[in-house]
2 protein chains.
Amino acid sequence: MLSTLEWVMAAAPDTDEPKRPTRPTRSTYRHGDLRNALIKAGVELAREGGPEAVVLRAATRHAGVVPNAAYRHFADRGALLHAVSQAAMARVARTMEAEQAALPPATDAKEAARARFRAVGTGYLRFAQEEPGLFRAAFHVPGDMSHAADDDAAGSGGTPFELLGAALDDLVETGALPEDRRPGAEFLAWSAVHGLAVLLIDGPLRGLHPTQAHDAGRHVIDMIERGI
Amino acid sequence: MLSTLEWVMAAAPDTDEPKRPTRPTRSTYRHGDLRNALIKAGVELAREGGPEAVVLRAATRHAGVVPNAAYRHFADRGALLHAVSQAAMARVARTMEAEQAALPPATDAKEAARARFRAVGTGYLRFAQEEPGLFRAAFHVPGDMSHAADDDAAGSGGTPFELLGAALDDLVETGALPEDRRPGAEFLAWSAVHGLAVLLIDGPLRGLHPTQAHDAGRHVIDMIERGI
DNA sequence: GGACCCTTGTGTACGATGTCCACATTCGGG
DNA sequence: CCCGAATGTGGACATCGTACACAAGGGTCC
């Protein structure tokens with residue numbers, strides 16, 4: 001009906017109408033990189049509002065596209081949310097790596113391994129507090145499990161799980177952790193740290209002062225080192 | 001328009017129409033106990049499908065009532081979900097108490113306190129596995145926090161938190177736990193157990209065989225006892 | 001015992017959302 | 001250059017939460 005040019009003009013009227021939800025500004029009929037744009041929008045939605053806030057129509061609105069366009073790239077809302085999850089998970093991993101990278105150089109190898117191990121937990125907890133919405137989205141699991149457990153989200157270096165495993169291996173190699181305690185240790189550590197994260201985000205420890213939260217993290221990691 | 005009797009008859013037509021969503025059977029205009037009926041329906045919905053499955057209209061349908069009737073008893077869907085949460089939390093507490101009650105009589109007081117402490121965690125984990133939907137609903141927190149942290153859900157004896165605290169106090173009294181380790185210990189224990197529960201319900205440990213899950217629970221509780 | 005009013009349930013309606021279907025536009029290869 | 005596959009649009013539908021006005025019933029005070 002409308003030529004491309006006319007269509008673009010119609011989509012950007014100069015009359016100051018009261019309704020201008022988002023910028024439907026796009027010069028080409030094809031978007032070019034809609035899939036990533038939708039994920040990006042989804043991540044932004046998840047950042048402020050958690051997984052339930054990643055609404056298909058809102059994401060397409062942000063991308064300046066009609067709702068159905070999303071279905072060319074995602075089977076359904078769940079698939080989009082899953083992609084957002086993976087992106088969030090990657091950010092968790094990156095935060096953990098950053099925490100390790102910021103560590104002061106250590107003299108003792110055993111002490112260094114220990115510090116790297118603690119940084120894994122600290123980074124995890126820091127991300128949970130700084131980006132609670134993304135954190136919840138990262139570990140969100142759909143009710144029908146249609147997108148569950150089929151793939152992992154890799155950061156620059158690896159998944160959070162792999163980072164934790166590597167840190168534990170380091171502990172064993174430097175003798176900071178007896179070998180017979182190694183099997184299954186990631187689940188012990190993960191349980192404790194993740195549990196605290198949930199407590200801090202929306203459990204009874206919600207709204208704790210950041211300093212106190214950091215202390216709580218220290219205590220939990222102390223417990224892990226002692227009890228692992 | 002219709003007398004009460006006529007209305008009741010109209011609500012239960014003998015023509016076998018294809019659409020009969022649920023039984024709108026009710027003999028009185030007033031329901032009598034709608035609030036509790038809605039909570040009950042909500043709990044049932046949450047049991048199979050978690051918090052997001054507790055849908056206002058579905059609950060009213062179960063209760064044989066028009067959707068808006070719910071608003072005479074709950075401010076909004078969030079309020080209903082909150083009530084369901086409290087009910088679910090109470091069930092958690094009852095499961096924990098049942099686990100403690102099923103404990104074999106112990107000879108040593110210190111050993112008894114330890115067993116009671118472990119039962120707290122075991123009951124918690126058992127509930128999470130047997131009723132994952134309700135468990136998720138119990139710890140669900142609304143995005144806008146409008147119903148957050150204002151009241152506690154009491155079971156027959158107390159909230160899960162109180163039960164945990166009591167168990168820890170017992171440990172101190174019997175000398176199984178040094179007094180200086182007591183402050184904040186509930187958060188350490190809660191973190192670890194809750195984290196494992198989440199792992200088991202919808203984390204990477206999802207779908208673990210119940211036996212293995214029980215073992216994992218044992219290991220986490222071991223870690224807590226060692227590291228607390 | 002009857003008039004009043006507060007509580008509780010009904011009817012109707014609106015906007016938002018996820019998703020289905022048919023159609024339009026564009027791009028990349030033969 | 002033309003045609004099919006990929007991508008975006010338009011329109012429609014069921015479902016959901018919720019607001020507003022109205023009806024029915026129960027309790028209370030005269």
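**Relation of the two copies**

The model is predicted: local features need pLDDT of at least 70, side-chain atom pairs count only at pLDDT 80 or more, and totals for chains, interfaces and linings use all residues. Residues are numbered from 1 along each chain as its sequence is written, while chains are lettered from A and ligands numbered from 1 in the order in which they are written.

**The interface**

In chain B, 32 residues are in contact with 32 residues of chain A (C-beta atoms, placed from the backbone, within 7 Å). Helix H8 (185–202) and helix H9 (210–227) of chain B each supply at least two residues of this side; helices are DSSP runs of H or I, at least four residues, numbered from the N terminus. H8(B) gives the most, with 12 residues.

Of the interface residues of chain B, 94% are also interface residues in chain A, so the copies meet through the same surface.

**Packing of H5 and H7 in chain B**

Helix H5 (residues 109–130) of chain B packs against helix H7 (residues 160–173) of chain B at an angle of about 155°, with their axes 8 Å apart. Axes are lines fitted to C-alpha atoms over the stretch in contact, and angles run from 0 to 180 degrees between N-to-C directions. H5(B) is therefore roughly antiparallel to H7(B) (an angle over 145 degrees).

Among the residues making the contact are Phe117(B) and Tyr124(B) of H5(B) and Leu164(B) and Leu168(B) of H7(B).

Definitions and conventions:
Two residues are in contact if their C-beta atoms, placed from the backbone, lie within 7 Å. Angles under 35 degrees count as roughly parallel, over 145 as roughly antiparallel, 65 to 115 as roughly perpendicular and the rest as oblique.
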